[in-house]
Amino acid sequence: MRFIRCTLLVAFWGLFGSVENAMALQTHGPPEGFYVHQMAHLLFIAALAYLYWHTRKTQETSGKGWRYFQLFCLFLIAWNILAFIGHETYENLNPEDFIGRNTWAAQLSYPITFKKVLYYIAKMDHFLIVPALFALVISLRSFYLDAKTGGNK
Amino acid sequence: MTGLPLLPAITVEFAGSALVILLAFIALRYAWTLIRLEPDNFIWGFLWYFSIALAAFAISRGVGHIIRITLVYTDHGSTWVKLSPFSGGFNTMLMISVAAVTIYYHRGLAAYKAIRSEAEKLADANLKLGENAKELQELNTNLEGLVEDRTRDLSKSEKKFRTFFENSKDIVYFSDLQGNITDINSSGLDLLGADASERTINFHDLFADPAVLDRYLSGLQTRGFVSDLDVQCAGRDGVTRHILLSGNASYGPTGEIIGYEGIGKDMTRLQTITEQLINHEKMATVGKMAAGVAHEINTPLGIILGYSQLIMEDFEEGSEPHTTMQVIERQTKVCRRIVADLLKFSRQAESQKTSLDINEIIKDVLAVTEHSLNINNIEVVRKFSEPLPPITGDAEKLHQVFINLFNNAQYAMAEGGYITIVTSREEGQVKISIIDTGVGIGENIKNKIFDPFFTTKEVGEGTGLGLSVTYGIIQEHDGTIEVESPVSDRRDESESPGTAFHLTLPTAADAPETNEKEIE
C-alpha cells in the first residue's frame, strides 16, 4: 500500500508540481531519482542473487527448467551490474565527451578513455538482458512441458 | 571521423528493447499456461507474478528506450525531457516490484513447502491407508476362506465326534454341578432307562448307593477326575444296572468347576456272569459236600429200612407196632429219596447215556404233565425245531430236568398262563428255552435258586432240591442253565413278567448236519 501511495505521490508531483514549489515539504532534488534508480538496481541484484542462491539449494527447484532460470538470474544480475556501471559512467561524462549529441551521427569524442569505453559497453547492455529473457523463456517453456507431462514441478 | 560513432549502440538499444518486450511477453504467456495447468502450484504462481512484473518492467524500459530514441533523434527532444522522469520512475518502480515479488517468493515458498510436506505426508498416509485397505481386503478374503476351511474341518470333526458320541454303546454324558444332565447319548438314555423327552434327568439321583455318590463327587472336586468307579445305577425304569464309570470335571475360563462329564460302561452282564461263576463254584463245593453226606447216610438208611421191614413182618397187620414200623419205613424212604436227589445233584448217581432227541424227551415229559398243566389253566406252546441233532445223555435224568422245570412253572402260575417251549440248534449245541408267564424271580433271590434246599414254597411243599438237581444233571451233561426274569423279547427289546430257563446241551460228536424247520 505504501508503495502504491508513494507511486501516486510521485506521479502527482511529476504532473502538477515542481520541486521548487514544494518548499513546505521535504524536497526531492535531481540526484534523488538517480540514487533511487541505482538503489533499485542494487535491490534487483540482491533479489536475483537470492533467487539464484535459493533455487540452487532447494530440492524442489532442481531440473532443466530451473537451470535455465538460474542462467536468467546470472544474466540479469550481470545486466544490472552493467546498467549500474553505465548509469554511473554517464553521470561522470561531460558534454564535451559527445559530438553531435542527440543526432544519428552522435559520437564519443577522442581520445577514447576508459570511462568512454565503459559507457560504450554499458550502452550495449541488451547483449545481456536479451539472453537473460531468452533463458527465462526457455526455462518457463521447460516448466510448461514438464508440467504438461506431469514431470518436474 | 572525430569520435567513436554511437549509432551501433543506438541500433542495439532499439532492437534489443523490442526483443526484450517480445521475450518478456513470451515468458508471460508460458507462465500463464503454467498457472492454468496447475493453479494450486505456488511456484508457478510466483513465476506468474514475477513474469507480470518483468513484462511490465520490459514494457516500461523498452518502450521508454524506443520513445526516447524516436523523439530525440527526430528533433523532439523537449517532449522527451518531459516524459523521461516518468519513464525512469516507472523503470525504478518496476525493478523494485520485481524484487518485491522475489520477497513474496521467499515468504511463500516456505509456507508452500510446509503445506506440500503435509500434503505429501497425507498422500503417503492415504497410500498406506490404501495399501492397508488392500491388505485388509486380501486378509478378509483369505479370512473368509480360512473360516470356510475351519468351519468345514470343525463340521467334519463335530460330525465325527457326534457319530462317536451317538453310536457309542457306553453312556456318555455331560452334567452341571447339580447333576442335571445337559447332554447324553442315546445309549446313555437306554442305560438309565430314561426317555429323550424327559426335560431333566438328574444323574446324581440315579446313584443307588449314596456312599458311591460321595466318592464320585469328592473325587471330581478334589482331583478333577474319577476312574473305574463301580456304580450301581437305579434306572428310571426301576432296573438296577452296574456301571463302570470314569468322569472328569469341566472347568470354566477362570478355572472354576462348571460341570462334570463322563463315560460309563454297562457291566451288568459281566456282573451277572461273575456272580454265576461264583455260584457255580459254590454249587460245586456244595455238591461235593452233599455227595459225601448222601453216601454216608445212604448205608444207615438202607439198614434202617431193612430192619424196619423185618420187624414189621413179626407183627400182625393193623397192630400198633406194625403201624409204627410202617411210619418208620415211609419216612426212611423219604430220606432215601432226598439222598437220591442229593446224589443226582452231585452227579454221583449212575448214568446210562445214549443218543437222544431232546424234542422226544420233552414230548415224553409233556405226555405225562400236560394234563395236569391244563387243569391249572396253563397252556403249553411248542416251538420245536425239527429235526434236531441228537445229544448224548441220560433220558431218565433229562426227564427229571423238564419235570422239575414244568413243576416250577406251574407253581409260579397259580392263576394260569402259558409255558412256551422253544428248541433250536446252535453251533454244536441244542438250545432249549422254557418260558413261563408267572410271577418271575426277584433280583434278590436269583442267585440262590440253584442252591440245595433253597425254596420259596411253604414248609412241607418242597424240599428245595428241584432246581439243584436240574442244575446238577445239566452240569453232568456238559450243558449250561441260565435264568432270565423278567423275560426280554429280543425282537423289540421289550420285557414281560415271567421266567425263562435257557438250557444248552452239546450235540453228539457224530451227529449228521440236517436242515431244520420250526414246528409249532
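Which residues in α10(B) are buried? Select helix α10 of chain B, residues 466-476, and you'll find B:Gly466, B:Leu467, B:Ser468, B:Val469, B:Thr470, B:Tyr471, B:Gly472, B:Ile473 and B:Ile474 on the buried list. A residue counts as buried if 20 or more other C-beta atoms lie within 10 Å of its own, as exposed if 12 or fewer do, and as partly exposed in between, with C-beta atoms placed from the backbone. Nine of the 11 residues of α10(B) are buried, so this helix is largely enclosed by the rest of the structure. Just after α10(B), click on B:Asp478, which takes a positive phi of about 60°.

A quick word on the model. It is predicted, so to speak, from the outset: local features need pLDDT of at least 70, side-chain atom pairs count only at pLDDT 80 or more, and totals for chains, interfaces and linings use all residues. Residues are numbered from 1 along each chain as its sequence is written, while chains are lettered from A and ligands numbered from 1 in the order in which they are written.

**Stop 1: all of chain B**

Colour chain B by secondary structure and you have 10 helices and 16 strands to look through. Helices (H or I, at least four residues) and strands (E, at least two) are DSSP runs, numbered from the N terminus. Of the 520 residues of chain B, 28% count as buried.

**Stop 2**

Now select β4(B), residues 225-234, and β5(B), residues 240-251. They run antiparallel and are joined by eight bridges; strands pair if DSSP finds at least two bridges between them. Five residues separate the strands of this hairpin, and B:Gly238 in the turn has a positive phi of about 85°. From B:Gly247, hop to B:Gly262, its opposite number in β6(B).

**Stop 3: where the chains touch**

Show both chains: 43 residues of chain B are in contact with 41 residues of chain A. Contact here asks for C-beta atoms, placed from the backbone, within 7 Å. On chain B's side, β1 (3-5), α1, α2 (42-72) and α3 (77-167) each supply at least two residues. That side has 28 nonpolar, 12 polar and three charged residues. (Ala, Val, Leu, Ile, Met, Phe, Trp, Tyr, Cys and Pro count as nonpolar, Asp, Glu, Lys and Arg as charged, and the others, Gly among them, as polar.)

Zoom in on β2(A), residues 107-109, which pairs with β1(B) in the antiparallel sense over three bridges. There, A:Leu108 stands opposite B:Leu4.

**Stop 4: a helix pair in chain A**

Finally, select α3(A), residues 64-92, and α5(A), residues 126-148. They pack at an angle of about 160°, with axes 8 Å apart; axes are lines fitted to C-alpha atoms over the stretch in contact, and angles run from 0 to 180 degrees between N-to-C directions. The two helices are therefore roughly antiparallel, the label for angles over 145 degrees. Among the residues making the contact are A:Phe72 and A:Trp79 of α3(A) and A:Leu136 and A:Phe143 of α5(A). By class, the contact has 17 nonpolar, three polar and two charged residues.

Terms used
Two residues are in contact if their C-beta atoms, placed from the backbone, lie within 7 Å. Angles under 35 degrees count as roughly parallel, over 145 as roughly antiparallel, 65 to 115 as roughly perpendicular and the rest as oblique.
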